[in-house]
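Subject: Structure for you to look at

Hi,

Here is the structure I promised to pass on. Have a look at it first, and then read my notes below.

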Amino acid sequence: MNRSYLVVLTRGSGMPKPFKEWKVLPHGRLTPVDDNILTVTGDIPMPVGNMKRRMTVVRLRDQRLVIFSAIALDDEQMRAIEAFGQPAFLIVPNDHHRLDAKPWKDRYPSLQVIAPLGALNSVEKAVHIDATRGDFGDPDVKLITVPGTRDREAALQVHGPNGTTLVLNDVVGNIRDATGFAGWALRMMGFAGDEPHIPWPVKLAMVGDKAALAAQLRRWAEQPALKRILVSHGSAIADDPQGALRKLATSLG
């Protein structure tokens, strides 16, 4: 597969257009990863085959919810979210994760929609953005615009009684179980591999300052309470997340 063709695919022409109505694609069930965090994965159609994506739901101290990288779920799973808390904030972590943003906003009109400044123009084509920074009124939950990503990538840092969870988006991939032609294509595109990595299309399109990104990865690695990293594409990183972050920082040179 030609590298230039892969660049075209990963820059968005192969991605489905943002949905205007609630459209449920195949997905799993919500899974608790900590007392106040739920996560779920679902399929996203790509020219080479389906690719998994992740939504993370974080409950604040006042029972409001932060939705990170929204996915439209079936009625049963949406009722489970509503039983968990009140959807209040919708984080569109970059301009490639706006697929279900408008349907979520339409379903919950009071949602505050937040996207990083560098993704603002693209995300605005799908849904109105209320803010480029987030203050959730909860010191345990912090929204970060990831340094070195041209202000295009957002992340969440969540402190809980059982440790810290880092919620990343595209800047780190951890797809290890991809098989068949789709798996081969995802490996060729740099999204799948044998260990956590920064996909080369992300480096090409998003990373403008490798040193700044590496420094941020090392700062996260210095947190002794870090228990897991949730990524939008791939498995959670729970086996030595600090070591994984240091290795990712080193890979940037």
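Before anything else, a cut-off you'll need: a residue is called buried when its relative accessible area is under 20%, exposed when that area is over 50%, and partly exposed in between. Keep in mind too that this is a predicted model.

You'll find N169 in the loop between β9 (163-167) and α5 (180-188). What is N169 in contact with, once its neighbours within four places in sequence are left aside? The list is F68, S69, P93, N94, H97, E153, A154, V231 and S232. Take S69 from that list: S69 and N169 are 100 residues apart in sequence, yet their C-alpha atoms are 8.1 Å apart in space.

Now for the chain as a whole. The protein chain has eight helices and ten strands. Buried residues account for 54% of its 253 residues. If you take the contacts between residues at least 6 apart in sequence, 58% of them join residues at least 24 apart.

The strands first. Six of them make an open sheet, ordered β1-β2-β3-β4-β5-β6, and the pairing is mixed. At its edges are β1 (31-34) and β6 (112-114), each of which pairs on one side only. From one strand to the next, the twist averages 30°. Helix α2 (residues 75-84) packs on this sheet and touches β2 (37-44), β3, β4 and β5 (86-91). The direction of α2 makes about 25° with that of β3.

Four of its five residues are buried, so β4 is largely enclosed by the rest of the structure. On one side, β4 (residues 64-68) is joined to β3 (residues 51-59) by four bridges, and these two strands run antiparallel. Across that pairing, V57 stands opposite I67 of β4, and T56 stands opposite F68 of β4. β4 also pairs with β5, this time in the parallel sense and over five bridges. There, I67 has L90 of β5 as its bridge partner.

As background, most residues other than glycine have a negative phi. Q63 belongs to the hairpin of β3 and β4, which has four residues between the strands. With a relative accessibility of 42%, Q63 counts as partly exposed.

S69 is the second one. It has a positive phi of about 65° although it is not a glycine, and it lies in the loop between β4 and α2. Is S69 buried or exposed? Its relative accessible area is 4%, so S69 is buried.

β9 and β10 run parallel and are joined by four bridges, and T164 stands opposite L226 in β10.

From α7, the contact is made by A214, L217, R218, W220 and A221, and from α8 by Q242, L245, R246, L248, A249 and T250. Sorted by type, the residues of this contact are seven nonpolar, two polar and two charged.

Happy to talk it through whenever you like.

Cheers

Key: Residues are numbered from 1 along each chain as its sequence is written. This is a predicted model: local features need pLDDT of at least 70, side-chain atom pairs count only at pLDDT 80 or more; totals for chains, interfaces and linings use all residues. Side-chain values use heavy atoms; hydrogens and water are left out. Contact means heavy atoms within 4.5 Å. Ala, Val, Leu, Ile, Met, Phe, Trp, Tyr, Cys and Pro count as nonpolar, Asp, Glu, Lys and Arg as charged, and the others, Gly among them, as polar. Two strands pair if DSSP finds at least two bridges between them. Axes are lines fitted to C-alpha atoms, for helices over the stretch in contact, and angles run from 0 to 180 degrees between N-to-C directions. Buried means under 20% relative accessible area, exposed over 50%, partly exposed in between (1.4 Å probe, protein chains only).
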